Amino acid sequence: MADRTCRLVIYADPDTEATVMSMKIRCIHSKAGCKWSDQLKQLQSHLVTCRYDAVPCTNNCPAMLAKIALDDHLTYTCPRRKETCEFCSREFTGEMLEGHLGSCQFEPVFCEEKCGATLQRRFLSNHLLNECSKRRVACKYCSREFVYETLTVSTHKNNH
Ligand SMILES: [Zn+2]
Ligand SMILES: [Zn+2]
Ligand SMILES: [Zn+2]
Ligand SMILES: [Zn+2]
Ligand SMILES: [Zn+2]
């Protein structure tokens with residue numbers, strides 16, 4: 001016998017209820033592609049396993065997703081997913097990683113002065129100060145500032 005104590009009573013008339021509950025219906029996610037079809041009273045138990053039914057993200061982000069989309073969400077779009085920074089190999093959540101890229105000290109970046117050099121961000125300030133061919137240096141003869149490569153290749157020095 002069915003356990004009536006924990007079932008929602010939708011219809012006061014038990015006969016009507018029994019009729020409705022035995023009606024053949026399609027899954028509420030049939031539009032999304034679910035092929036399931038059975039008696040209405042079976043729907044609750046079907047939804048537990050239906051791949052199209054929405055479930056909360058198992059990483060506890062606010063998203064609700066069809067089970068069929070959960071794997072993709074957990075791998076690619078969940079803000080709480082675990083991701084490893086490809087440059088420094090530290091582990092971040094998805095949303096943290098988005099902020100981290102752009103400041104990762106191991107990420108290769110182009111020199112801000114557009115000298116053509118690519119180097120890890122942690123070396124950039126030293127490069128700008130001591131190595132960059134576009135850095136500005138003071139001429140040791142007249143103390144005026146020049147772009148380093150101009151100073152070395154031009155005839156400025158010979159004008160003194
Ligand atoms: Zn279904
Ligand atoms: Zn999520
Ligand atoms: Zn990093
Ligand atoms: Zn440079
Ligand atoms: Zn000079």
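Into which domains is the chain divided? The chain is divided into domain 1 (14-49), domain 2 (54-100) and domain 3 (111-159), with bounds that come from an automatic or database domain assignment. The C-alpha centres of domain 1 and domain 2 lie 33 Å apart.

This is a predicted model, in which local features need pLDDT of at least 70 and side-chain atom pairs count only at pLDDT 80 or more, while totals for chains, interfaces and linings use all residues. Residues are numbered from 1 along each chain as its sequence is written, and chains are lettered from A and ligands numbered from 1 in the order in which they are written. The term pLDDT stands for the predictor's confidence in each residue, from 0 to 100. Its mean for the chain is 88, and 91% of the residues reach 70 or more. Confidence is lowest in helix H6 (residues 148-153), where the mean is 80, and highest in strand S8 (residues 118-120), where it is 97. Where pLDDT is low, the predicted coordinates should not be read in detail.

Turning to the fold as a whole, the chain holds six helices and 10 strands, where helices (H or I, at least four residues) and strands (E, at least two) are DSSP runs numbered from the N terminus. The radius of gyration of the chain is 33 Å, well over the 15 Å that the globule rule gives for 160 residues, so the chain is more spread out than a compact globule; this radius is taken over C-alpha atoms, and the rule is 2.2 Å times the number of residues to the power 0.38. Along its principal axes, the C-alpha trace spans about 110 × 25 × 25 Å.

Two further values describe the packing. Buried residues make up 2% of the 160 residues in the chain; a residue is buried if 20 or more other C-beta atoms lie within 10 Å of its own, exposed if 12 or fewer, and partly exposed in between, with C-beta atoms placed from the backbone. Among contacts between residues at least 6 apart in sequence, 1% join residues at least 24 apart, a contact being a pair of residues whose C-beta atoms, placed from the backbone, lie within 7 Å.

The UniProt record, an unreviewed entry, gives the annotation "domain: TRAF-type" to residues 45-98 and 100-151; such annotations may be inferred rather than shown by experiment, and their positions are given in the numbering used here, with feature names shortened. Over residues 45-98 the chain is 39% helix and 22% strand, with end C-alpha atoms 39 Å apart, and over residues 100-151 it is 25% helix and 23% strand, with end C-alpha atoms 38 Å apart.

A few single residues show the local detail. Lys82 lies in strand S5 and counts as partly exposed, because it has 14 C-beta neighbours inside 10 Å. Leaving aside neighbours within four places in sequence, Lys82 is in contact with Glu91 and Thr93, and the C-alpha atoms of Lys82 and Thr93, 11 residues apart in sequence, are 4.6 Å apart in space. Ser89 sits in the loop between strand S5 (82-84) and strand S6 (91-93), and is exposed, with 8 other C-beta atoms within 10 Å.

Most residues other than glycine have a negative phi. Lys114, however, has a positive phi of about 60 degrees although it is not a glycine, and is found in the loop between strand S7 (108-110) and S8. Ser143, in the loop between strand S9 (136-138) and strand S10 (145-147), has a positive phi of about 65 degrees.

Methods: Contact = placed C-beta atoms within 7 Å.
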